[in-house]
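Me: I have a structure open and want to go through some of its side chains. Can you help me read it?

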Amino acid sequence: MEDRIQRCAEKFGMLFGAAPAGEEGTDPEFMKILQRFIFGEVCYTGELSDEDRELVTVTVLAVNQTLPQLKAHVGAALNAGCTPVAIREAVYQCAPFIGFPKTLNAIAAMNEAFTAAGIALPLEPQGTVTEETRYETGLAVQAPLYGTEIADRYRDLPEVYAEAIPRFLTEFCFGDFASRNGLDEARRELLTVVMLAALGGAEVQVKAHVLGAEKAGNSRDRILAALVHAMPYMGIPRLFNALNAARAVWVQQA
């Protein structure tokens, strides 16, 4: 299928500045399968820009802790037109979902790629909150998309937890991270859906964030394209789980 091979060569060359695999190396057959599928087919499926696709890829690789590939795709994201700040924000916002240690690993790999590309660190700050405004700012982001769902769900816990858990979500996830500049709300929510899909076992949260991603301005086709693009990096079972969660939400809305 010459079209697929040609598309792979063009996309791979744009992203990595090199030709795709030939007969060199120890596993040329595997590399041809990988590259022709990802860069010759998946990269052309759906309505995502090259910048969006690379931010999706960076997000999945950060979640999966596949750090050598993350470094390579930070470089590809730069070549696709992503700003260093946008790439950094995609990695930073993984913290509430995968925890600080894994996010620090991803940041270290990202910064190695930035340094290799001659990008001075640290990048310019993007935070918008102070100690006094974390809650109010976070709530202003959270409430239009998610209402009081978490506070309502855990109201029956002992008082200290019923108060702390929703507050932590508002201040930490939405105040410290989702309110930051560098990525618009629609893109942040799209990447959050991808993040949760890549985690596996978070289908309840996938459902909530599919709705949030739509409210933030993403079309269903855009959400589907992001999940399909993530598939070669997270595997088919996690794609199917996320698709099933999204379809369940959409059926309820019909």
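Me: Is Arg222 buried or exposed?
Reply: Arg222 is buried, because its relative accessible area is 15% and the cut-off for buried is under 20%. Keep in mind that this is a predicted model.

Me: Which side chain does Arg222 meet in a salt bridge?
Reply: Asp52, with 2.8 Å from N to O.

Me: How many salt bridges does the structure hold?
Reply: There are 16. One of them joins Glu171 and Arg134, whose closest N and O atoms are 3.5 Å apart. This pair links distant parts of the chain, with Glu171 in helix α10 (residues 159-178) and Arg134 in helix α8 (residues 134-146), 37 residues apart. Both Glu171 and Arg134 are buried.

Me: Ok, what about Arg153 and Glu149, how far apart are they in helix α9?
Reply: They are 4 residues apart, so about one helical turn separates them. Their side chains meet in a salt bridge of 2.4 Å, N to O. Arg153 is partly exposed at 36% relative accessibility, and Glu149 is partly exposed at 31%.

Me: Which residues do salt bridges with shared partners join into one network?
Reply: Arg134, Glu163, Arg167, Glu171 and Asp176.

Me: New topic: where does Ala18 lie?
Reply: Ala18 is in the loop between α1 (2-16) and α2 (28-40). Ala18 counts as partly exposed, at 38% relative accessibility.

Terms used: Residues are numbered from 1 along each chain as its sequence is written. This is a predicted model: local features need pLDDT of at least 70, side-chain atom pairs count only at pLDDT 80 or more; totals for chains, interfaces and linings use all residues. Side-chain values use heavy atoms; hydrogens and water are left out. Helices (H or I, at least four residues) and strands (E, at least two) are DSSP runs, numbered from the N terminus. Buried means under 20% relative accessible area, exposed over 50%, partly exposed in between (1.4 Å probe, protein chains only). A salt bridge is a side-chain nitrogen of Lys or Arg within 4 Å of a carboxyl oxygen of Asp or Glu.
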